[in-house]
Amino acid sequence: IDISNDNLTAVYEDRLGLIWIGTRGTGLIKYDPDTEQITNYRFVDTNPHSLSYDSIVNILEDRTGTLWIGTYGGGLNAFDRDTERFTRYQHDPSDPHSLSANVIISVYEDRAGVLWVGTISDGLNKLDRETGEFIQYRHDASDPHSLSGDAIASIYEGRTGDFWIGTPSGLDKFDRQSDRVVRSYSTKQGLPDDTVSGILEDEQGQLWLGTQNGLSRFDPQTESF
């Protein structure tokens, strides 16, 4: 496979120095810089342990060395590099403990080792690794402590333990003990745009937020943008 000719959507370097590349339509690529060997993982209809879908959005290595692959239509995959098998987590309309949707746009592991999965239109998911079940969180117009929106483009844990969720309706501060949003910020509080697609923290504890109308720096202490 010629990497240069593919529509690349994600690039990730793991702890072993291997480069993982997500593509739009041609699956997952592993590149070994030492040997220059390339391996391509694709969806195979007859193999339930193959990649679930060939369009990749996210790649994340967790603390155990498992690779989590978020796809744009096939749900979430956990890849075991020892067995080279994928375990699929997908939406099941009859199961409220399944993944809430199959289009994944964010995957994040917090310091406690909890995996969080954001979808494009069906909210946030928290995975119970022991049972393989998910807790789903969604926007509820009647509940001011629910998520501001159901497209979860960014997830981030700050150094103080504050947990932040970026949605198309602003920035949410999420309390993981009570499982609810304790504060929401939007253009009304000073964001340049309500769609928060990226979150990073600097050494001073300031949050840098990527929006559809430029970059914003947020001070959580003074709650100013």
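Reply: Phe-134 is buried, with a relative accessible area of 3%. Buried means under 20% relative accessible area, exposed means over 50%, and partly exposed lies in between, all with a 1.4 Å probe and protein chains only. The model is predicted, so local features need pLDDT of at least 70 and side-chain atom pairs pLDDT 80 or more, while totals for chains, interfaces and linings use all residues. Residues are numbered from 1 along each chain as its sequence is written, and side-chain values use heavy atoms, without hydrogens and water.

The structure holds 19 aromatic pairs. Rings of Phe, Tyr and Trp (its six-membered ring) pair if their centres lie within 6.5 Å; planes under 30 degrees apart are stacked, over 60 edge-to-face, and the rest tilted. Phe-134 forms one of these pairs with Tyr-89: the ring centres are 5.8 Å apart, the planes are at 85 degrees, and the pair is edge-to-face. This pair links distant parts of the chain, since Tyr-89 is in strand S8 (residues 85–89) and Phe-134 in strand S12 (residues 133–137), 45 residues apart. Strands are DSSP runs of E with at least two residues, and helices are runs of H or I with at least four, both numbered from the N terminus. Tyr-89 is buried as well, at a relative accessible area of 18%.

Another pair is that of Trp-164 and Tyr-185, with ring centres 6.3 Å apart and planes at 45 degrees, so it counts as tilted. This pair, too, links distant parts of the chain: Trp-164 is in strand S14 (residues 163–167) and Tyr-185 in strand S16 (residues 180–185), 21 residues apart. Both Trp-164 and Tyr-185 are buried. One aromatic cluster is formed by Tyr-108, Trp-116, Tyr-137, Tyr-156, Phe-163 and Phe-174.

Ile-199 is in strand S17 (residues 196–201) and is buried, with 8% relative accessible area. Between Ile-199 and Leu-171 there are 9.5 Å in space, C-alpha to C-alpha, and a separation of 28 residues in sequence. Tyr-72, in contrast, is partly exposed because its relative accessibility is 43%. Tyr-72 sits in the loop between strand S6 (67–71) and strand S7 (76–80).

Asp-179, in the loop between strand S15 (170–175) and S16, has a phi near 55 degrees, a positive value in a residue other than glycine. Its relative accessibility of 29% makes Asp-179 partly exposed. Glu-36, in the loop between S3 and S4, has a positive phi of about 60 degrees and is not a glycine either. Glu-36 is exposed, with a relative accessible area of 58%.

An open sheet of four strands, with antiparallel pairing, has the order S1-S2-S3-S4. Its edge strands, strand S1 (8–13) and strand S4 (37–41), each pair on one side only. Two strands pair if DSSP finds at least two bridges between them. Strand S2 (residues 19–23) and strand S3 (residues 28–32) run antiparallel and are joined by four bridges. Opposite Leu-28 in S3 stands Gly-22.
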